[in-house]
Amino acid sequence: MNISLIIYAVIFLAAVCLLLFLLLALLIFLNTTCRNPFKKRTRECTRKKDELQISMFSEGVSWSQKFKDKTEQLNIKNDGLNLYGEYINFGFDKCAVILQGRSESLLYSYYFADVYAKNEHNILVVDVRSHGLSDGKYQTGGIKESDDLILWIKLINERFNITNFTVHGICIGGATAVYAYSKFKNEGCGFVKRIVTDGLYKNYYEFFKAHSKALKAPMLPVVYTATLAAFFLIFIFAKVRPFKESPLKCMKDIDIPILFICGLLDKFSIKPNSEELFEACASQFKEICFFPKGRHSYVRASQRAEYDELIAKFLQKHR
């Protein structure tokens, strides 16, 4: 056999494998981080085949419609991005900022608002960057979103003289909350008094691996390496370091009341990781509750009364 042909064949196969590897890394990056530039910006529910999510979304929208006369449209700019939010002003001296998870608009956040309104909080919901009507190409797992959150809270403080905030974050929203508090603490700013997290993950990579397992796509060496490459693309294009920054590392800074809400059926923010976050948290006023029902981000939908009662008691305890 011609040795030259063998060499060319090996080079060709190596090139094909490299191309497939790069395509896999790019696919992971596009699916986890990038906004689809061809989709119209909208606040509609994104998971139209998920009946439970549609129900939660619709219920939240219906709740917000009752307070249209008290709702103000807000806008901030950060990193050259126009970001949009809504503020329901009940006239209270506290504000709950409710942050949805990845892919949904601010309308979804209203599903979680009722217990806060009943406990004397005005309500702020926002289209986080690259979601809803807000600008942005990339979502960053809460890292840059936390800079936006800081500006949102400062806006509410300046415009409505609110100095007492509770941040309720679902999934990436929870990560955003703890990142923002850590940055606020470094500034010496004490606006955020309480944090409630629902399905918080300890770091973005572990969270991604859990998704792969849930989808029955084992982390084979090639997938593992492609994931590392995808995270490098996040660093290059989104300009964040998802390996260096994590909610777990922020736990040493959390010294205010914090409630960790977790689901035993959650395949993405699993119990051992939630327990690790809780143990690492520096706060003397930390609480954790594992609910028996509800997949990731759907705990309230499965046991609403218990979920809201837990939050109400937490808010009343830490006024």
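**The whole chain**

Begin with the entire chain displayed: among its contacts (heavy atoms within 4.5 Å) between residues at least 6 apart in sequence, 77% join residues at least 24 apart. This is a predicted model, in which local features need pLDDT of at least 70 and side-chain atom pairs count only at pLDDT 80 or more, while totals for chains, interfaces and linings use all residues. Residues are numbered from 1 along each chain as its sequence is written, and side-chain values use heavy atoms, with hydrogens and water left out.

Switch to a cartoon view. The chain has twelve helices and eight strands; helices (H or I, at least four residues) and strands (E, at least two) are DSSP runs, numbered from the N terminus. The radius of gyration, taken over C-alpha atoms, is 21 Å, close to the 20 Å that the globule rule gives for 319 residues, so the chain is as compact as a globular protein of that length. That rule is 2.2 Å times the number of residues to the power 0.38. Along the principal axes, the C-alpha atoms fill a box of roughly 85 × 40 × 40 Å. Of the 319 residues, 53% count as buried. Buried means under 20% relative accessible area, exposed over 50%, and partly exposed in between (1.4 Å probe, protein chains only).

**Two packed helices**

Next, select residues 143–160, helix α5, and residues 172–187, helix α6. Two packed helices are described by the angle between their axes and the distance between the axes. Here the angle is about 65° and the axes are 8 Å apart. Axes are lines fitted to C-alpha atoms, for helices over the stretch in contact, and angles run from 0 to 180 degrees between N-to-C directions.

Now show the side chains. Residues of α5 including Ile143, Leu149, Ile150 and Ile153 meet residues of α6, among them Ala177, Tyr179, Ala180 and Phe184. The residues of this contact divide into eight nonpolar, two polar and five charged. In this scheme Ala, Val, Leu, Ile, Met, Phe, Trp, Tyr, Cys and Pro count as nonpolar, Asp, Glu, Lys and Arg as charged, and the others, Gly among them, as polar.

Select Asp79, in the loop between β1 (71–78) and β2 (81–88). Asp79 has a positive phi of about 55° although it is not a glycine, and its relative accessible area of 49% makes Asp79 partly exposed.

Move to Glu120, in the loop between α4 (114–118) and β4 (122–127). Glu120 also is not a glycine, yet has a positive phi of about 60°; at 40% relative accessibility, Glu120 is partly exposed.

Then select Asp135, in the loop between β4 and α5. Is Asp135 buried or exposed? Asp135 is buried, with a relative accessible area of 17%. Leaving aside neighbours within four places in sequence, Asp135 is in contact with residues including Arg35, Arg41 and Arg129.

Select Lys271, in helix α10 (residues 271–280). Lys271 is partly exposed, with a relative accessible area of 39%. Not counting residues up to four places away in sequence, Lys271 touches Leu264 and Phe290. The C-alpha atoms of Lys271 and Phe290 are separated by 8.1 Å, although these residues are 19 apart along the chain.
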